[in-house]
Amino acid sequence: MSSAQSIKSVYVFEAPVRIWHWVNAAAILVLAVTGYFIGSPLPTQPGEASANFLMGYIRFAHFSAGYLLAVGLLGRLYWALVGNHHARELFWVPIFQRAYWRELWGMVKWYGFASERPGRYVGHNPLARFAMFFCFFLLSLFMIITGFALYAEGAQAGSWQDRLFGWVIPLFGQSQDVHTWHHLGMWGLVSFVIIHVYAAIREDIMGRSSVVSTMISGHRTFKD
Ligand code: HEM
Ligand code: HEM
């Protein structure tokens, strides 16, 4: 009996994208936890003040993870240029294509339990793309810009942080405004992560293809 072999697996996410994804997720976890404590510090530690450096360690972890996030995103941008075409999906959305919006609406209905299973996507589905561009990429760029603007206050006038991001605080008004927006940005990212992890696991169970394992092995496999 001769029958055509159906495609079982497609290589989607190359190793640099996968490594970046998990390192980036870890950095954001550290940034959100330490950032929360920078905004709402713990009560004073008992004992001699000189024996404690708790807030110092928290801020150090925040800044280290902040550098990791920024350098990681630069590396990820580089990979968008040299990697496969799925590596570029994070950085733009085909907003001028009618079909894109139609398919996005189809995905909204699917996630809202209001339609049958939609088509199969090899890369990101249209809704995932929308969320990843607007709620992850642009928002993390905003966090990096405001974060380094705050960092420039400590690094002082003339530092590279000040020369690159010194315009941000005057734009917002004053330092506290940037703190508040940077803080609000955290809750935006935390919301993205909650929905993102929910969607990834839900799609793994209910969708037509592998999802979480795709971000580990790089391969998309299909159930039917
Ligand atoms: C701070 C936490 C996280 C952030 C900021 C984040 C962000 C992202 C981003 C930006 C992408 C797009 C990747 C690209 O195109 O380069 C992505 C994809 C993906 N993430 Fe996450 N992620 C996080 C945590 C997680 C966790 C915990 C899981 C597993 C449950 C997960 C599963 C996935 C999967 C499966 C994809 C690929 C989705 C697809 O095939 O369309 N992520 N994530
Ligand atoms: C996912 C990304 C990030 C999150 C969720 C985050 C979260 C936060 C939060 C919640 C605060 C406290 C704001 C307040 O209420 O005053 C904060 C402060 C701060 N963040 Fe971030 N941040 C992120 C990225 C960055 C980056 C990339 C940098 C750059 C190095 C940075 C540098 C700072 C600085 C300098 C402060 C002020 C520290 C202080 O006043 O002691 N952040 N961050």
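This is a predicted model: local features need pLDDT of at least 70, side-chain atom pairs count only at pLDDT 80 or more; totals for chains, interfaces and linings use all residues.
The UniProt entry, which is unreviewed, annotates residues 20–38, 58–79, 130–152 and 181–201 as "transmembrane region". Two of these spans were examined for secondary structure. Residues 130–152 are 100% helix and 0% strand. The end C-alpha atoms of that span are 32 Å apart. Residues 181–201 are likewise 100% helix, with 0% strand. Here the end C-alpha atoms are separated by 30 Å.

The packing of helices α4 and α7 was considered next. A packed pair of helices is described by the angle and the distance between the two axes. Helix α4 runs over residues 126–155, and helix α7 over residues 175–206. Their axes come within 9 Å and cross at roughly 150 degrees. Angles over 145 degrees count as roughly antiparallel. The two helices, α4 and α7, are therefore roughly antiparallel to each other. The crossing of α4 past α7 is left-handed. On the α4 side, the contact is formed by Ala 131, Cys 135, Phe 136, Leu 139, Ser 140, Phe 142, Met 143, Thr 146, Gly 147, Ala 149, Leu 150 and Glu 153. Helix α7 contributes Ser 175, Val 178, His 179, Trp 181, His 182, Gly 185, Gly 188, Leu 189, Phe 192 and His 196. By class, the residues of this contact are twelve nonpolar, nine polar and one charged.

Ligand 1 has 21 residues around it. The nearest of these are Ala 25, Ile 28, Leu 90, His 124 and Met 215. Helices α1 (15–39), α4, α7 and α8 (214–217) each give two or more residues to the shell around ligand 1. The largest share, six residues, is from α1. The shell of ligand 1 comprises 15 nonpolar residues, five polar residues and one charged residue.

Around ligand 2 there are 24 residues. Gly 35, Gly 39, Gly 66, Gly 147 and His 179 come nearest to ligand 2. At least two residues of this shell come from each of α1, α2 (54–82), α4 and α7. Helix α1 again provides the largest share of the shell, in this case seven residues. The shell of ligand 2 divides into 15 nonpolar, eight polar and one charged.

Gly 147 of α4 and His 179 of α7 take part in the helix contact. Gly 147 and His 179 are also among the residues that come nearest to ligand 2.

How values were computed:
Residues are numbered from 1 along each chain as its sequence is written. Chains are lettered from A and ligands numbered from 1 in the order in which they are written. UniProt positions are given in the numbering used here, feature names are shortened, and annotations may be inferred rather than shown by experiment. Helices (H or I, at least four residues) and strands (E, at least two) are DSSP runs, numbered from the N terminus. Axes are lines fitted to C-alpha atoms, for helices over the stretch in contact, and angles run from 0 to 180 degrees between N-to-C directions. Angles under 35 degrees count as roughly parallel, over 145 as roughly antiparallel, 65 to 115 as roughly perpendicular and the rest as oblique. A crossing is left-handed if the near helix is turned anticlockwise from the far one by less than a right angle, and right-handed if clockwise. Two residues are in contact if their C-beta atoms, placed from the backbone, lie within 7 Å. Ala, Val, Leu, Ile, Met, Phe, Trp, Tyr, Cys and Pro count as nonpolar, Asp, Glu, Lys and Arg as charged, and the others, Gly among them, as polar. A residue is near a molecule or strand if its C-beta atom, placed from the backbone, lies within 6 Å of it.
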